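Here are my notes on the model you sent. Please read them with the structure open.

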Amino acid sequence: MSQASFVPAIRRTVHISRPVLWINAFGTGVLGMWLAGSMWRWEALPLLLWLTLPFNLLIYGVNDVFDQDTDALNPRKGSLEGARIRAGEVRTIWAWVLITNVPFVVWFTFTLPPAALAWIAVYVLVFLFYSAPPLRFKARPWLDSLSNAAYALPLVFMAYALDRTPVWPAAVGLMAWSVAKHAFDAVQDIEEDRAAAITTTAVRLGPRGTAIWSGCWWALSTVCFALVNVPVAVVNALIAGWLVGSLLRDPRPTTGHRLYRYSIAFPYVAGAVAGVQLTVALYLEVYP
């Protein structure tokens with residue numbers, strides 16, 4: 001492959017991995033390291049690198065491969081919010097998924113403890129079968145939303161990788177938060193999913209019902225976060241309450257799409273509140 005064609009191929013691969021959403025994996029990994037009691041551990045570097053392009057290409061590349069029919073009907077695809085792939089790209093995507101992920105899997109196998117490996121395996125399998133048959137959680141109401149609890153697993157396997165015990169209230173809180181956010185974000189795709197005969201939680205409940213579903217899970221996450229850090233819980237409740245209230249006032253897919261930009265910002269804001277406090281606490285040696 002010439003340099004002239006290599007650069008666009010890399011750019012396309014990065015686009016497919018949805019870098020605006022890397023924070024959901026990479027940021028959680030960083031928080032997992034900090035919650036384990038260290039500002040920085042070199043042992044965490046391979047995991048953090050894997051949680052950027054490689055893992056996100058795995059989950060979103062596989063998602064795009066199996067969602068071509070739905071994505072073809074979705075006007076927001078082909079933008080920052082996700083790629084619209086061509087049939088001729090499928091083999092290339094699978095190749096890049098293997099090239100970027102297999103070296104990390106081999107490294108982890110020989111360097112990480114069994115508990116960390118087990119949770120990493122769950123992490124990968126849940127997101128792989130979110131999109132891929134025969135399980136394809138994406139097309140199964142309730143399971144599509146509940147399976148997204150796996151976004152919290154870096155808090156678990158990062159702790160085990162660093163020979164620490166996970167902070168379970170934080171992990172469970174983030175699991176509940178992820179369940180809520182997935183369903184909420186899917187409201188904008190109700191019409192396209194329905195046209196493609198895909199019954200998601202959002203399709204089954206409709207915009208109003210999904211707002212209530214997400215609100216309940218975000219409420220649970222707030223309670224869990226309060227057991228760890230009250231300011232994070234307060235910020236979480238305020239943002240979640242505003243998102244849910246906005247959708248309830250105008251329960252339509254177009255409202256879900258309008259709110260999506262704020263939903264994307266949600267983990268950045270809440271993560272910053274948590275991250276700044278953890279950084280200061282670690283620096284002053286008052287945590288753990």
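What covers the buried residues of α9? The points below start there. Keep in mind that this is a predicted model.

1. **The cover over α9.** The buried residues of α9 (154-161) are covered by elements that include α2, α3 (45-50), α7 and α10. The helix is largely enclosed by the rest of the structure, because 7 of its 8 residues are buried. Those residues are Pro154, Leu155, Val156, Phe157, Met158, Ala159 and Ala161.

2. **α9 against α10.** Helix α10 spans residues 168-186. Its axis lies 9 Å from that of α9, and the two helices pack at an angle of about 150 degrees. That angle makes α9 roughly antiparallel to α10. On the α9 side, the contact uses Leu155, Val156 and Tyr160. On the α10 side, Trp168, Ala170, Ala171 and Leu174 meet them. By class, this contact has 7 nonpolar residues, with no polar and no charged ones.

3. Asp163 follows α9 and sits in the loop between α9 and α10. Its phi is near 60 degrees, a positive value in a residue other than glycine. Most residues other than glycine have a negative phi. Asp163 counts as exposed because its relative accessible area is 70%. Please look at the backbone here.

4. **The cavity.** How many cavities of 30 Å³ or more are there? The count is 1.

5. The lining has 16 residues, and Trp50, Leu58, Asn101, Val105 and Val124 lie nearest the centre of the pocket. At least two lining residues come from each of α4 (53-66), α6 (90-111) and α7. The largest share, 8 residues, is from α6. By class, the lining has 14 nonpolar, 2 polar and no charged residues.

6. **α13 against α14.** How do the axes of helix α13 and helix α14 cross? Helix α13 (residues 230-249) and helix α14 (residues 253-283) cross at roughly 175 degrees, and their axes come within 10 Å. They are therefore roughly antiparallel to each other. From α13, the contact includes Pro231, Val235, Ile239, Trp242 and Leu243. From α14, it includes Leu259, Tyr262, Phe266, Val269 and Val273. The residues of this contact divide into 15 nonpolar, 6 polar and no charged.

7. **Arg136.** Is Arg136 buried or exposed? Arg136 counts as buried, because its relative accessibility is 17% and the cut-off for buried is under 20%. This residue lies in the loop between α7 (114-131) and α8 (143-146). Leaving aside neighbours within four places in sequence, Arg136 is in contact with Phe66, Asp67, Phe129, Tyr130, Ser131 and Ile198.

8. **Thr199.** Thr199 is in the loop between α11 (190-195) and α12 (201-226). At 30% relative accessibility, Thr199 counts as partly exposed. Not counting residues up to four places away in sequence, Thr199 touches Ala139, Arg140, Pro141 and Arg204. Ser17 is 182 residues away from Thr199 along the chain, and their C-alpha atoms are separated by 24 Å.

9. **Two cis peptide bonds.** Most peptide bonds are trans. The bond from Pro133 to Pro134 is cis, with omega near 10 degrees. Pro134 is in the loop between α7 and α8. The bond from Tyr287 to Pro288 is also cis, with omega near 5 degrees. Pro288 is in the segment after α14.

10. **Glu285.** Glu285 is likewise found in the segment after α14. Its phi is positive, about 60 degrees, although Glu285 is not a glycine. With a relative accessible area of 71%, Glu285 is exposed.

Conventions: Residues numbered from 1 in each chain as written. Predicted model: local features only at pLDDT ≥ 70, side-chain atom pairs only at ≥ 80, totals over all residues. Heavy atoms only, no water. 1 Å grid on protein atoms, 1.4 Å probe; cavity = no way out; pocket = protein on both sides within 12 Å on 5 of 7 lines; lining within 4 Å. Points joined across faces, edges and corners; volume = space filled by probe spheres on them. Helix = DSSP H or I, 4+ residues; strand = E, 2+ residues; numbered from the N terminus. Axes fitted to C-alpha atoms, helices over the stretch in contact; angles between N-to-C directions. Parallel < 35°, antiparallel > 145°, perpendicular 65-115°, else oblique. Contact = heavy atoms within 4.5 Å. Nonpolar A, V, L, I, M, F, W, Y, C, P; charged D, E, K, R; others polar. Buried < 20%, exposed > 50% of the residue type's maximum accessible area, 1.4 Å probe, protein only.
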